Amino acid sequence: RCHGDKEQESRLELTSLRAVLTGGDSGPAIVPFAPTASLLLELVTDAKMPPQEPRLTRRQIDLLRRWIVGGAKD
């Protein structure tokens, strides 16, 4: 709800691969093949995003990491 097609906090939209790669005020949300350079992964790993419950599970975070490592294919 914070980064959807109707509302984008920090001008970040997470509804499509193109939007994720474009990013928002802080730059691209992810960098394909580079999990350590991917701000989205950092924020969900550090439990800063989403700011409220429910947070992503370890399994969901691992899936996101593997998707980025694999090139973040659509």
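This note goes through a predicted model point by point, from its ground rules to its helices, loops and backbone angles.

1. **Ground rules.** Residues are numbered from 1 along each chain as its sequence is written. The model is predicted, so local features need pLDDT of at least 70 and side-chain atom pairs count only at pLDDT 80 or more, while totals for chains, interfaces and linings use all residues, and side-chain values use heavy atoms, with hydrogens and water left out.

2. **Helix 3, its length.** Helices here are DSSP runs of H or I with at least four residues, numbered from the N terminus; strands are runs of E with at least two. Helix 3 spans 58–69. It has twelve residues. From its first C-alpha to its last it reaches 16 Å, close to the 16 Å expected at 1.5 Å a residue. The expected span is 1.5 Å times one less than the number of residues.

3. Which residues of helix 3 are buried? They are Ile61, Leu64 and Ile68. These residues cover an arc of only 60° around the axis, which puts them on the same side of helix 3. The arc is that of the directions from the helix axis to the C-beta atoms. Arg58, Arg59 and Leu63 are exposed on the other side. Buried means under 20% relative accessible area, exposed means over 50%, and partly exposed is in between (1.4 Å probe, protein chains only).

4. **What helix 3 packs against.** The buried residues of helix 3 pack against helix 2. Contact means heavy atoms within 4.5 Å.

5. **After helix 3.** Gly71 follows helix 3 and has a positive phi, near 105°. Ala72 is also in the segment after helix 3. Ala72 is not a glycine, yet its phi is positive, about 55°. Most residues other than glycine have a negative phi. Is Ala72 buried or exposed? Its relative accessibility is 3%, so Ala72 counts as buried.

6. **Ser10.** Here is another non-glycine residue with a positive phi: Ser10, at about 55°. Ser10 sits in the segment before helix 1 (17–22). Its relative accessibility is 48%, so Ser10 counts as partly exposed.

7. **His3.** His3 also lies in the segment before helix 1. At 16% relative accessibility, His3 counts as buried. Its side chain reaches the backbone oxygen of Leu12 at 2.9 Å. A polar atom of that side chain also lies 3.3 Å from the backbone oxygen of Glu9. A polar contact is a pair of N or O atoms within 3.5 Å; within protein, one must be able to donate a hydrogen and the other to accept it, and residues adjacent in sequence count only if both atoms are side-chain atoms. Not counting residues up to four places away in sequence, His3 touches several residues, including Leu14, Thr15 and Met49.

8. **Ser38.** Ser38 lies in the loop between helix 1 and helix 2. It is buried, with a relative accessible area of 1%. Ile68 is one of the buried residues of helix 3.

9. **Two cis bonds.** Most peptide bonds are trans. The bond from Met49 to Pro50 is cis, with omega near -10°. The bond from Glu53 to Pro54 is cis as well, with omega near -5°. Where is Pro50 found? Pro50 is in the loop between helix 2 (39–45) and helix 3. Pro54 is found in the loop between helix 2 and helix 3 too.
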